[in-house]
Amino acid sequence: MFYHEPIMPERILDILDIKKDGIYFDGTLGGGGHSLGILKAGGQIIATDLDADAIAYSSERFKNEGYCGRYTLIKGNFKNATAYLDELGIDKLDGALLDLGVSSHQLDTPERGFSYRYDAPLDMRMNKNQCLTGENVINDYEPAKLIKILYEYGEESHAKRIVQKIVEERQKERITTTGRLSRIIEECMPHIRGSHPAKQTFQAIRIEVNGELDGLAEAVTSITRRLKTGARICVLSFHSLEDRIIKEALRAMSTNCLCDKSIPVCVCNHKAEIKLIKTEKKADSIELLTNPRSKSAMLRAAEKI
Ligand SMILES: C[S@@+](CC[C@H](N)C(=O)[O-])C[C@H]1O[C@@H](n2cnc3c(N)ncnc32)[C@H](O)[C@@H]1O
């Protein structure tokens with residue numbers, strides 16, 4: 001079964017510079033493509049994923065590849081990485097990776113409700129045990145909150161018009177499927193060309209349902225602080241909002257002073273903890289052709305000092 005094609009796998013392995021028996025944290029396991037590369041290069045893996053499917057698929061995959069005893073897979077949020085590492089008695093890491101967002105498996109499994117391409121229940125949960133679903137967000141949120149979500153998380157400039165139509169429709173009957181939501185958006189934006197008119201709304205709702213941006217900067221900071229000196233972190237993001245958070249978090253850690261520019265002498269005494277690694281941020285032309293998902297990928301990397 002195809003699960004997910006890892007993005008920029010060679011470049012990421014190159015940057016992480018895998019050491020034999022080194023311990024690497026993969027916060028977003030998915031189909032285990034990146035982690036398998038690390039295992040093959042001699043590293044050991046501690047990985048998290050919110051999705052039970054990812055844990056089941058990758059654990060079977062790693063076992064079949066003969067890596068038993070070399071990996072620990074945790075169904076959980078990478079935002080709790082520090083607690084998991086403490087529980088496992090692991091102080092410092094030899095490297096870390098976050099490949100944010102959703103996997104192809106999640107997008108391409110109709111009943112998960114992530115995609116406007118299929119008609120399915122409006123679910124969108126990475127963690128199937130959580131309560132909040134896309135249906136709750138679309139039907140139960142106040143219009144003003146919904147507009148803000150579409151505008152901020154989807155960068156949808158037609159947020160107001162879309163939400164007005166959603167509110168009209170949900171008053172008639174609860175919106176419970178991706179198909180109906182997608183048709184509502186298409187009807188109110190008939191002249192939009194290029195990508196599907198529902199694309200940004202679906203992205204926004206998914207980010208809200210899974211709390212994707214909540215605590216992201218803090219998570220990147222705390223995982224980076226668990227790196228050994230000279231060890232590296234790679235982060236792949238897929239939209240500008242996410243990338244801005246990563247860029248800011250890493251910039252703050254790589255700066256010697258965070259005082260306001262108007263203050264002539266440093267009073268914060270902040271010391272740089274990392275150095276940023278210069279790398280090609282976008283996928284190369286061959287990957288762009290062979291893996292359409294790589295188009296929006298943005299890679300950032302840093303090294304603990
Ligand atoms: C882009 S996929 C990762 C693909 C993976 N690198 C591979 O090579 O197959 C992202 C995965 O991260 C998971 N995920 C997203 N946010 C998460 C979080 N905060 N904590 C744990 N897992 C998360 C998703 O469920 C999804 O399986």
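**View 1. Arg 174 sits in a loop between two helices.** In this predicted model, Arg 174 belongs to the loop that links α8 (159–172) and α9 (178–188). Is Arg 174 exposed, partly exposed or buried? The residue has 13 C-beta neighbours inside 10 Å, so Arg 174 counts as partly exposed. A residue needs 20 or more such neighbours to be buried, and 12 or fewer to be exposed. Ile 138 is 36 residues away from Arg 174 in sequence, and their C-alpha atoms are 8.9 Å apart in space.

View 2. Asp 21 is not a glycine, yet its phi is positive, about 65°. Asp 21 is part of the loop between α1 (9–16) and β1. Asp 21 counts as exposed because it has 10 C-beta neighbours inside 10 Å. Asn 269, also a residue other than glycine, has a positive phi near 55°. The loop that holds Asn 269 runs between α12 and β6. With 9 other C-beta atoms within 10 Å, Asn 269 is exposed.

**View 3. Seven strands make up an open sheet.** The order of the 7 strands is β3-β2-β1-β4-β5-β7-β6, and their pairing is mixed. Which strands form the edges? They are β3 (71–75) and β6 (274–277), each of which pairs on one side only. From one strand to the next, the twist averages 15°. Helix α2 packs on this sheet and touches β1 (23–26), β2, β3 and β4 (93–99). The direction of α2 makes about 170° with that of β2. Helix α12 (residues 240–253) lies across β5 (227–237), β6 and β7 (298–304), and runs at about 15° to β7.

**View 4. Bridges join the strands of the sheet.** β2 and β3 are parallel and share 5 bridges. Here Ile 46 has Thr 72 of β3 as its bridge partner. β1 and β4 also pair in the parallel sense, over 3 bridges. Asp 26 is bridged to Leu 97 in β4. How many bridges join β4 to β5? There are 6, and these two strands run parallel. Gly 95 stands opposite Arg 232 of β5. Strand β4 is mostly covered, with 7 of its 7 residues buried.

**View 5. The largest nonpolar core contains 47 residues.** Tyr 24, Ala 96, Ile 233 and Cys 234 are the members that touch the most others in this core. Strand β5 supplies the largest share, 6 residues. Which residues does Ile 233 contact, leaving aside its neighbours within four places in sequence? They are Ala 96, Ile 223, Thr 224, Leu 227, Ala 301 and Ala 302. Another core lies apart from this one; it has 23 residues, including Ile 138, Ile 162, Ile 184 and Ala 198.

**View 6. A shell of 22 residues lies around the ligand.** The residues that come nearest are Pro 6, Thr 28, Gly 30, Gly 31 and Gly 33. The elements giving two or more residues to the shell are α2 (33–40) and β2 (44–49). How does the shell divide into nonpolar, polar and charged residues? It has 6 nonpolar, 12 polar and 4 charged residues.

Key: Residues are numbered from 1 along each chain as its sequence is written. This is a predicted model: local features need pLDDT of at least 70, side-chain atom pairs count only at pLDDT 80 or more; totals for chains, interfaces and linings use all residues. A residue is near a molecule or strand if its C-beta atom, placed from the backbone, lies within 6 Å of it. Helices (H or I, at least four residues) and strands (E, at least two) are DSSP runs, numbered from the N terminus. Ala, Val, Leu, Ile, Met, Phe, Trp, Tyr, Cys and Pro count as nonpolar, Asp, Glu, Lys and Arg as charged, and the others, Gly among them, as polar. Two strands pair if DSSP finds at least two bridges between them. Axes are lines fitted to C-alpha atoms, for helices over the stretch in contact, and angles run from 0 to 180 degrees between N-to-C directions. Two residues are in contact if their C-beta atoms, placed from the backbone, lie within 7 Å. A nonpolar core is a set of buried Ala, Val, Leu, Ile, Met, Phe, Trp, Tyr and Cys residues joined through C-beta atoms within 7 Å.
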